Amino acid sequence: MSKVQTGLRYSEEHEWLDTDAAPAKIGVSQVAADALGDVVYIDLPEAGSTVSAGQTCGEIESTKSVSDLYSPVSGTVVEVNQEAIDNPALVNEDPYGAGWLFTVEVSEEGPLMSAEEYAGKNGGEL
């Protein structure tokens, strides 16, 4: 069973949001990483660009498929995780740590679930 990290909030599309970090940090859940299989390529929004909650902002490609990446918030992208771009396997190995994707100066949040709600809906364990 996939781990769902407490203390984060989650979107319907399996992205996590850490607002304890400043700027807010975004990644994909282990539920999503496990469903994707081996991640081989990541396309992220550029630093300085704006993202909108619920809108596509990139792609994650695995050996199984290509999936859209959705922003859980609206705001300006501050930084992208170049390490994850260079080594996409980090998304599978450590989705809540080294496999984070990008940070955003948040202007508005989209609809988000608590870790408990997300785990219950997606069969993950806390």
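Thr56 counts as partly exposed, at 46% relative accessibility, where buried means under 20% relative accessible area, exposed over 50%, and partly exposed in between (1.4 Å probe, protein chains only). The place of Thr56 is in strand β6, residues 56-62; helices (H or I, at least four residues) and strands (E, at least two) are DSSP runs, numbered from the N terminus. Leaving aside residues up to four places away in sequence, Thr56 touches Asp68, Leu69 and Tyr70, a contact being heavy atoms within 4.5 Å. Between the C-alpha atoms of Thr56 and Leu90, which are 34 residues apart along the chain, the separation is 21 Å.

The model is a predicted one, in which local features need pLDDT of at least 70 and side-chain atom pairs count only at pLDDT 80 or more, whereas totals for chains, interfaces and linings use all residues. Residues are numbered from 1 along each chain as its sequence is written, and side-chain values use heavy atoms, with hydrogens and water left out.

Val31, in helix α1 (residues 30-36), counts as buried, at 13% relative accessibility. With residues up to four places away in sequence not counted, Val31 touches Ser2, Val4, His14, Tyr118, Asn122 and Gly124. Val31 and Glu79 lie 24 Å apart in space, C-alpha to C-alpha, and 48 residues apart in sequence.

The structure holds two salt bridges, each defined as a side-chain nitrogen of Lys or Arg within 4 Å of a carboxyl oxygen of Asp or Glu.

| Salt bridge | N to O distance |
|---|---|
| Glu109 and Arg9 | 2.7 Å |
| Glu12 and Lys121 | 2.5 Å |

Glu12 is in the loop between β1 and β2 (15-18) and Lys121 in helix α4 (residues 115-122), so that this pair links distant parts of the chain, 109 residues apart. Glu12 is partly exposed, with a relative accessible area of 46%, while Lys121 counts as exposed at 51% relative accessibility. In the bridge between Glu109 and Arg9, Glu109 lies in strand β9 (residues 102-109) and Arg9 in strand β1 (residues 9-10), so the pair ties together parts that are 100 residues apart in sequence.

On the surface, Asp43, Glu59, Glu61 and Asp68 gather in a patch of negative charge. Patches are made of residues with over 30% relative accessible area and no salt bridge, like charges being joined within 9 Å. Asp43, in strand β4 (residues 39-43), is partly exposed, with a relative accessible area of 34%.

Definitions and conventions: Patch = residues over 30% accessible without salt bridge, like charges linked within 9 Å, V, L, I, M, F, W, Y side chains within 5 Å. Areas by Shrake-Rupley, 256 points an atom, 1.4 Å probe, with all protein chains shown as cover. Lys, Arg positive; Asp, Glu negative; His and termini not counted. Charge placed at Lys NZ, Arg CZ, Asp CG, Glu CD.
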